[in-house]
Amino acid sequence: MDVMPLLLLVAGSAAIAAAARRTPVPAPLLLVAVGLAVSYVPGVPDYTLDPDIVLPLLLPPLLYTSAADSSYLDLRAQLRPVALLSVGYVLFATVAVGWAAYLLVPGLPLTAALVLGAVVAPPDAVAATAVARRVGLPSRITTILQGESLLNDATAITAYKVALAVVVGEGASWAGGIEEFLVAAVGGVAAGLILMAPLHWLRTHLREPLLQNTLSLLIPFVAYASAEQFHASGVLAVVVVALYLGHRAWEVDFATRLQEDAVWKMVAFVLESAVFALIGLQLPVVLRGLGSYEGVDAARYGVALFLVVVAARFLWVYPATFLPRALSARIRAREENPTWRGPFVIGWAGMRGVVSLAIAFSIPLTVEDGEPFPHRNLILFLTFTTVIGTLVVQGLTLPPLIRMLRFPTADAQAATLAEANAQAQASRAAEKRLDDLLTDERNALPPPLAERLRSVLERRRNAVWERLGQVNPVTGETVDDTYRRLSREMISAERAVFVRLRDGRYIDDEMLRTLLRRLDLEEAAAYREAG
């Protein structure tokens, strides 16, 4: 097996994603653009997007890290709009886009058109949420987009399986389709509920951080495979488990949390970069199989379907936003009156991604009687053009659109005051606990050490308030920035001495690693305290 193409993909996509941080273009969009350009460079190998790799091996960790970083409480508060998008909109888009494709493409059977509709129905909000965080979109809209992207794949995959069964001749019916959808949804949630408590128990009872992090890396695959084994939704199982574990992550040992955070950030960065690069690299593969649809007709169908996909999302988002409020006095009393701006951004943020392409590539070559799957190559092409069109057109215009709509920005001073008040309450509880402990003779400490514990609490409490202080007129730094810089300088001086002592053979490498790790933890603590 030649591993060089894989290494080139990972290294190249990571380098492009890192470079994107220095540009105004979001990393997913730059990766797709470079993938498109590189796909025709001589000597670049073919990267065929294999659904047997993407769905069971790439999708679970991406879902897991996104769900674990989400807020269970925020998602629960936005459950209605998230459900309307992740279930209602996906089913609506499947039918609307499928019917439009049936009318647009001569000879395309309605069943095959519905397969296409299910394939392009689920938006991938990775790019949208990346843009949202970058330009300061209100947290409610970001939560809705995140929640939609976590759950809509399950709806789309189930709708695709039902439509596919009709095309290939497996005798699916409306009743059978509804039953399959319920089995997938209920079974996936049930699998997640069954697994989440035992997995959390394991995480809190394993004492070795390396073992705990190994378990953490296995969890999304265990949840996905366990649910799929019983024909339930592995996507929902992963999301349920990840939300629960993320919500209770505070119960895990601190060393595990530190390692886990670093490991999952690296995993998410590598996988997301590779996935978006893969999207662009599919162009030659898709065009080679287009056959009789090459030329103007194929381009015309692609543009028309892109417009239908964009329009269908707006046709769903606005009624789904305002109709529940118009019909329910309880909703009107409980929720603020939405403006037109939020739904407009949610409607425009319907970018498609790798899941749509992976599902499209999983379409079988033949149906049950051995005949070719109707218009399979055209379905692949239209999926590809829809994914590229939404990523490029909507992705590039989303940041200026958000800035133009001028959403109210978060009050940074109010957030800092809330943080300071929370820290003050926690510090008072810690001081009381320290006083109680020091009254026990088993916890006797020399006065300097006891005062050191109190000074740590005092520094932690004051650090947040200092963030509201004045800027140094000479350096332009806040007190917070100056503290962090001086702390780094002191630790760097210590680190240089340790290395010099190792080089002079006064200490060995093992001791050097121990001392450096202690300094690294102190530097990380100082960085966090300073905000």
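This report walks through selected pockets, contacts and salt bridges of one predicted model.

## The second largest pocket

Start with the open space. The second largest pocket holds about 770 Å³. Its lining is made of 29 residues. Those closest to the pocket centre are Gln78, Arg140, Ile144, Glu336 and Pro338.

Helix H5 (79-104), helix H8 (139-168), helix H14 (296-327), helix H15 (329-334) and helix H16 (341-348) each give two or more residues. H5 gives the most, with five residues. By class, the lining has 16 nonpolar residues, six polar ones and seven charged ones.

## Helix H16 and its surroundings

One of the helices in that lining is H16, which spans residues 341-348. How enclosed is H16 by the rest of the structure? H16 is largely enclosed, because six of its eight residues are buried. The buried residues are Gly342, Pro343, Val345, Ile346, Gly347 and Trp348.

The model contains 14 salt bridges. One of them joins Glu335 to Arg80, with the closest N and O atoms 2.6 Å apart. Where do the two partners sit? Glu335 lies in the loop between H15 and H16, while Arg80 belongs to helix H5. They are 255 residues apart, so this pair links distant parts of the chain.

Both partners are partly exposed. Glu335 has a relative accessible area of 25%. Arg80 has a relative accessible area of 26%. The pair also belongs to a wider group. Arg80, Arg334 and Glu335 are linked in a network of salt bridges.

Lys265 pairs with Asp261, and their closest N and O atoms are 3.4 Å apart. Both residues lie in helix H12, which runs over residues 254-281. They are four residues apart, or about one turn of the helix.

Are the two partners buried or exposed? Lys265 counts as exposed, because its relative accessibility is 56% and the cut-off for exposed is over 50%. Asp261 is partly exposed, with a relative accessible area of 41%.

Thr204 is found in helix H9, which covers residues 174-205. Its relative accessibility is 18%, so Thr204 counts as buried, the cut-off being under 20%. The side chain of Thr204 makes a polar contact with the side chain of His205, at 3.2 Å.

Thr204 also reaches beyond its sequence neighbours. Setting aside residues up to four places away, it touches Glu251 and Val252. Glu251 has a charged partner too. The side chains of Glu251 and Arg248 meet in a salt bridge, at 2.8 Å from N to O. Glu251 is partly exposed, with a relative accessible area of 27%. Arg248 counts as partly exposed as well, at 28% relative accessibility.

The structure holds one cavity of 30 Å³ or more. The largest cavity has a volume of about 40 Å³. Which residues line the largest cavity? The lining consists of Ser39, Val44, Pro45, Asp46, Tyr47, Leu281, Pro284 and Val285. By class, that makes six nonpolar residues, one polar and one charged.

Pro5 is found in H1, which spans residues 4-20. Leaving aside neighbours within four places in sequence, Pro5 is in contact with Pro45 and Tyr47. Both Pro45 and Tyr47 are in the cavity lining. Val44 is another lining residue. Pro5 and Val44 are 39 residues apart in sequence, and their C-alpha atoms are 8.3 Å apart in space.

Note on methods. Residues are numbered from 1 along each chain as its sequence is written. This is a predicted model: local features need pLDDT of at least 70, side-chain atom pairs count only at pLDDT 80 or more; totals for chains, interfaces and linings use all residues. Side-chain values use heavy atoms; hydrogens and water are left out. Buried means under 20% relative accessible area, exposed over 50%, partly exposed in between (1.4 Å probe, protein chains only). A polar contact is a pair of N or O atoms within 3.5 Å; within protein, one must be able to donate a hydrogen and the other to accept it, and residues adjacent in sequence count only if both atoms are side-chain atoms. Contact means heavy atoms within 4.5 Å. On a 1 Å grid over the protein atoms alone, a cavity is a set of points where a 1.4 Å probe fits but cannot get out, and a pocket is an open set with protein on both sides within 12 Å along at least five of seven lines; lining residues have an atom within 4 Å of a point. Grid points are joined across faces, edges and corners, and a volume is the space filled by probe spheres set on the points. Ala, Val, Leu, Ile, Met, Phe, Trp, Tyr, Cys and Pro count as nonpolar, Asp, Glu, Lys and Arg as charged, and the others, Gly among them, as polar. A salt bridge is a side-chain nitrogen of Lys or Arg within 4 Å of a carboxyl oxygen of Asp or Glu.
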